[in-house]
Amino acid sequence: MIKEVAKDIYTFPVTLPNNPLKALNVYVIKGDDRTVVFDTGFNTEESKNDLLSGLEELDLELEDVEVVLTHLHSDHVGLVNLFTEAGSKIYAGKVDGQLINQMTGREYWDNLESFIPLYGMEADELLRDENPGYKHRLKEPIDYIELTVGDYLDIGDYHFEILDLSGHTPGHLGFYDENKKIILSADTVLDPITPNITFWGFQHPDILNTYVETLNSLKEREIDLALATHRKIVGNVNERIDELILHHDERLQEILDAMDFDQEYTVRDISASISWRIRADNWEEFPRSQKWFAAGETMAHLHHLVNTNRVKMEDDEGRLKFTKIEEKIVPFVK
């Protein structure tokens with residue numbers, strides 16, 4: 001179960017029940033004066049059992065470790081209350097740290113539900129109780145020590161620069177050791193799946209472009225190993241980054257190809273017309289728990305098409321309408 005992926009860096013899987021992601025790769029770095037756990041798993045019994053078993057196999061108690069939360073998603077923060085109750089130090093970034101605590105209350109989820117009419121969805125298509133982020137969320141706010149981009153996090157022989165990897169979430173963090181050429185990239189570089197890039201509201205303009213800029217910034221660094229929090233650890237980092245960027249070019253073009261000129265489309269219309277790696281014959285059979293992610297991802301791509309003048313967007317009494325004005329995308333890959 002436990003694998004040592006680099007000197008003093010260990011990983012083990014934490015089950016994410018009834019979820020396409022299947023598992024979270026938890027990382028534990030042991031140093032002489034501190035041991036740090038990166039991320040936790042859903043707030044479910046299955047995740048909890050795996051997390052505690054992994055720590056036990058490493059001969060660790062909850063109170064023996066500190067916890068770093070790379071970003072706000074519930075599969076990464078759902079069990080952090082276990083550690084706060086044990087008196088552990090918790091670390092999070094400024095942006096996602098605030099959102100993590102907001103997600104324990106109603107306001108965050110009320111705001112998310114405000115996207116339902118915006119997308120042209122029906123209320124029964126996107127149910128709060130079926131959103132896995134809501135179902136398996138952290139239940140109580142936490143006190144955390146704020147991590148600052150550009151500062152360093154030292155653990156044993158590792159000297160990690162704290163990086164802004166925003167895109168997958170507004171304040172996603174990464175941790176990069178320049179000498180060892182290792183990065184804890186969390187959900188930013190995944191293989192073979194692609195990170196969900198969703199719409200976070202117009203206060204985060206063109207989050208897809210933000211994500212691609214993040215990927216390009218990583219290509220400027222020497223990285224031999226990217227410790228991803230789902231599926232495989234990534235060794236061919238730049239090659240995988242190129243594949244991820246190309247994927248979004250192809251996705252953008254697929255959306256444009258699904259649209260006719262002089263016809264208006266909602267987010268729902270487009271979501272129902274493009275391909276998804278979900279076992280469903282049509283949009284009606286698409287799992288409602290995953291429609292949140294599909295609609296949000298479609299909106300993020302449409303928003304980028306608007307910002308690159310490929311598509312026009314209008315607000316029709318609270319429902320966004322999109323019209324194609326160009327045939328081809330402005331590609332990220334030149």
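Predicted model: local features only at pLDDT ≥ 70, side-chain atom pairs only at ≥ 80, totals over all residues.
Residues are numbered from 1 along each chain as its sequence is written, and side-chain values use heavy atoms, without hydrogens and water. Local features need pLDDT of at least 70 and side-chain atom pairs count only at pLDDT 80 or more, whereas totals for chains, interfaces and linings use all residues.

The largest pocket has a volume of about 1,200 Å³. A pocket is an open set of points on a 1 Å grid over the protein atoms alone, where a 1.4 Å probe fits and protein lies on both sides within 12 Å along at least five of seven lines; its volume is the space filled by probe spheres set on the points. Lining residues, those with an atom within 4 Å of a point, number 46 in the largest pocket, and Leu 21, Asn 196, Gln 290, Phe 293 and Glu 297 are the closest to its centre. At least two lining residues come from each of α2 (74-77), α5 (106-113), α7 (132-135), α9 (237-257) and α11 (288-307), helices being DSSP runs of H or I of at least four residues and strands runs of E of at least two, numbered from the N terminus. The largest share, eight residues, is supplied by α11. By class, 24 lining residues are nonpolar, 14 polar and eight charged (nonpolar: Ala, Val, Leu, Ile, Met, Phe, Trp, Tyr, Cys and Pro; charged: Asp, Glu, Lys and Arg; polar: the others, Gly among them).

The second largest pocket holds about 230 Å³ of space. Its lining has 13 residues, with Leu 99, Tyr 108, Asn 111, Trp 200 and Gln 203 nearest the centre. Both α4 (94-102) and α5 supply at least two of the lining residues, and α5 gives the most, four. Eight of the lining residues are nonpolar, four polar and one charged.

The largest nonpolar core contains 87 residues, of which Leu 51, Leu 69, Phe 83, Tyr 119 and Phe 322 touch the most other members. α11 gives the most to this core, with eight residues. Such a core is a set of buried Ala, Val, Leu, Ile, Met, Phe, Trp, Tyr and Cys residues joined through side-chain atoms within 4.5 Å, buried meaning under 20% relative accessible area (1.4 Å probe, protein chains only).

Glu 63 is placed in the loop between α1 (45-57) and β5 (66-68). Its C-alpha atom is separated by 5.2 Å from that of Ala 86, 23 residues apart along the chain. Beyond neighbours within four places in sequence, Glu 63 is in contact (heavy atoms within 4.5 Å) with Ala 86 and Ser 88.

Conventions:
Buried < 20%, exposed > 50% of the residue type's maximum accessible area, 1.4 Å probe, protein only.
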